[in-house]
Amino acid sequence: MEKQKHIFDDLFIFEMANSHQGSVEHGIDIIHAMGKIARKHNIKAAVKLQYRNLDTFIHPEYKDRKDVNHIPRFMSTRLTYEQFSQLVEAIREEGMITMSTPFDEDSVGWCMDQGIDIIKVASCSALDWPLLTEVAKTQKPIIISTGGKTLSDIDKLYNFFTHKGCEFAFLHCVAEYPAPMERLQLDFIDRMSRRYPEVTIGYSGHENPDDNTVPMLAVGKGARILERHVGLPTDTITLNAYSMNPEQAERWVQAALNAKMMCTTKKENDKYVSQEEIDSLNSLMRGVYVNKPIKAGQEIHGEDVFFAMPCHDKQMNSGEFYDGVIASKDYEVNEEVREKKKITEISQVRSVIHDAKGMLYEAGIALGDDFEVELSHHFGMQHFRQIGAIIISIINREYCKKLLIVLPGQKHPVHAHKVKEETFQLLYGDLLVNIEGKERHMKPGDIQTVLRGVKHSFTSTKGAIFEEVSTTHIKSDSYYEDPRISKLDPIERKTFLKKW
């Protein structure tokens with residue numbers, strides 16, 4: 001399933017406009033044009049077809065009617081299974097992903113027979129449960145458009161395809177053709193990303209094909225899939241108001257790639273700060289200067305200094321100064337202070353608390369006001385970021401509830417409990433739990449119970465927050481495998497905070 005999921009990442013979908021006029025030759029010309037764009041920009045691209053078995057899709061008494069919307073177009077652009085197979089082969093020859101929207105159960109069979117890579121569910125079919133059941137059976141990657149669907153409708157789709165064990169993605173979509181700008185509601189991409197964090201979210205656009213602010217905004221909102229109708233105008237073929245010609249399609253792709261470049265964080269799990277940015281800011285910072293002679297070994301206090309530009313290399317800046325810094329040399333009036341900020345256990349604790357709070361903010365977890373924080377530092381605060389954990393006690397009665405925060409790269413050593421039994425549920429991040437030598441990679445929502453006397457440990461690569469529910473917590477009920485930890489008094493390896 002993980003391999004299938006990657007097929008959605010940064011995917012551009014070229015949807016054949018007006019069923020390529022029912023012409024195989026014209027369809028292949030569109031495919032060739034899109035293939036050139038995909039190769040030029042080195043993108044992952046799919047070409048999407050539409051399948052309908054018109055013998056059964058349209059009621060027999062309506063097939064020749066000209067007064068019913070869509071039916072004349074469907075009938076006039078009809079292709080056989082063999083003709084569609086030619087288009088599928090042309091897509092593959094261009095090195096693109098094959099994709100189709102089946103509108104009936106027979107068409108799902110066509111997708112399977114032709115080995116289509118991705119099955120698309122159109123907005124109009126998104127609550128067609130007989131069709132969705134047939135699509136789910138394929139176990140193909142599925143992309144679902146959500147035009148005209150409420151949040152409740154989308155919840156139903158999420159639950160349905162999740163229960164069926166399918167790998168699927170959602171496209172935010174406004175099913176108006178063309179879609180007016182004031183109804184695009186791109187903020188809904190944010191909402192879907194928060195509500196379905198394990199699902200790839202994209203955007204299917206029907207707005208003015210010359211306006212490329214929309215795909216850029218969609219990418220900025222987090223869309224990982226972009227879809228547009230494309231076509232190829234000729235002397236006899238005119239595109240509709242929401243379909244792109246090859247030149248417009250290329251500009252659309254380039255705009256999306258520019259947006260991705262501008263929006264992508266350059267450093268994993270943090271914000272990248274360039275040396276140029278640092279130099280620019282440093283040039284505006286105030287340095288610390290003494291306003292009277294200071295002897296080596298003397299404390300420097302606030303009244304002994306002033307802050308002014310410029311701040312030289314290796315000079316203490318105004319943000320680093322603290323009252324009582326010890327002078328390492330003699331200073332003359334107006335001389336720059338070249339002392340280093342002292343690293344203390346208090347500063348280390350503050351640094352850890354700031355990081356832990358940041359993780360809680362990002363996870364959207366509110367603690368309230370009544371809790372106790374324990375820093376479990378088995379080998380001292382100087383090694384806390386390597387070995388330890390932050391334990392937040394929220395309830396400790398006949399039952400106990402805690403939140404544990406594991407910083408990125410931090411490990412909690414092997415231990416067991418004789419009195420309490422505990423159950424973990426991962427709320428945020430990644431957690432590797434080791435139970436009696438057996439490792440388990442947990443993802444958010446996963447639950448792990450640890451019985452009394454069972455040795456266990458845990459670590460995280462990018463950081464984790466998990467809930468521990470247990471029987472009453474009793475101090476000194478943690479028995480560590482490492483004898484160096486076992487010899488320590490709990491006071492030596494724990495710091496307690498009431499407020500942070």
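Helix 5 (residues 81-93) packs against helix 6 (residues 105-114) at an angle of about 45°, and their axes lie 11 Å apart. Helices (H or I, at least four residues) and strands (E, at least two) are DSSP runs, numbered from the N terminus, and axes are lines fitted to C-alpha atoms, for helices over the stretch in contact, with angles running from 0 to 180 degrees between N-to-C directions. Helix 5 is therefore oblique to helix 6, given that angles under 35 degrees count as roughly parallel, over 145 as roughly antiparallel, 65 to 115 as roughly perpendicular and the rest as oblique. The crossing of helix 5 and helix 6 is right-handed; a crossing is left-handed if the near helix is turned anticlockwise from the far one by less than a right angle, and right-handed if clockwise. Helix 5 contributes Tyr-81, Phe-84, Ser-85, Val-88 and Arg-92 to the contact, and helix 6 contributes Trp-110, Asp-113 and Gln-114, where contact means heavy atoms within 4.5 Å. Among the residues of the contact of helix 5 with helix 6, four are nonpolar, two polar and two charged. In this scheme Ala, Val, Leu, Ile, Met, Phe, Trp, Tyr, Cys and Pro count as nonpolar, Asp, Glu, Lys and Arg as charged, and the others, Gly among them, as polar.

The model is predicted, so that local features need pLDDT of at least 70 and side-chain atom pairs count only at pLDDT 80 or more, whereas totals for chains, interfaces and linings use all residues. Residues are numbered from 1 along each chain as its sequence is written, and side-chain values use heavy atoms, with hydrogens and water left out.

The secondary structure of the protein comprises 14 helices and 24 strands. The radius of gyration of the protein is 31 Å, whereas a compact globule of 500 residues would have a value near 23 Å; the radius is taken over C-alpha atoms, and the globule rule is 2.2 Å times the number of residues to the power 0.38. The C-alpha trace spans about 100 × 60 × 40 Å along its principal axes. Of the 500 residues, 46% count as buried, with buried meaning under 20% relative accessible area, exposed over 50%, and partly exposed in between (1.4 Å probe, protein chains only). Among contacts with a separation of 6 or more, 67% involve residues 24 or more positions apart.

A further helix pair is formed by helix 8 (residues 151-163) and helix 9, whose axes come within 12 Å and cross at roughly 40°. This makes helix 8 oblique to helix 9, and the crossing of the two is right-handed. The contact is made by Leu-151, Ile-154 and Asp-155 of helix 8 together with Phe-188, Arg-191, Met-192 and Arg-195 of helix 9. The residues of the contact of helix 8 with helix 9 comprise four nonpolar, no polar and three charged.

Most residues other than glycine have a negative phi, and most peptide bonds are trans. The peptide bond from Tyr-177 to Pro-178 is cis, with omega near -5°, and Pro-178 is placed in the loop between strand 6 (168-173) and helix 9 (187-195). The bond from Met-309 to Pro-310 is also cis, with omega near -5°; Pro-310 belongs to the loop between strand 11 (305-308) and strand 12 (325-326). Gln-139, although not a glycine, has a positive phi of about 60°. Gln-139 is found in the loop between helix 7 (129-138) and strand 5 (142-145) and is partly exposed, with a relative accessible area of 31%. Asn-334, likewise not a glycine, has a positive phi of about 75° and lies in the loop between strand 12 and helix 13 (345-363).

Several buried positions were also examined. Ser-125, in the loop between strand 4 (118-121) and helix 7, counts as buried at 4% relative accessibility. Leaving aside neighbours within four places in sequence, Ser-125 is in contact with Phe-103, Leu-131 and Leu-132. Val-199, in the loop between helix 9 and strand 7 (200-204), is buried at 10% relative accessibility. Not counting residues up to four places away in sequence, Val-199 touches Tyr-158, Phe-168, Ala-169 and Phe-170. The C-alpha atoms of Val-199 and Glu-345, 146 residues apart along the chain, are separated by 42 Å. Ile-71 is located in helix 4 (residues 71-76) and counts as buried at 10% relative accessibility. With residues up to four places away in sequence not counted, Ile-71 touches Ile-58, Tyr-62, Lys-63 and Arg-65. The C-alpha atoms of Ile-71 and Leu-54, 17 residues apart along the chain, are separated by 9.5 Å.
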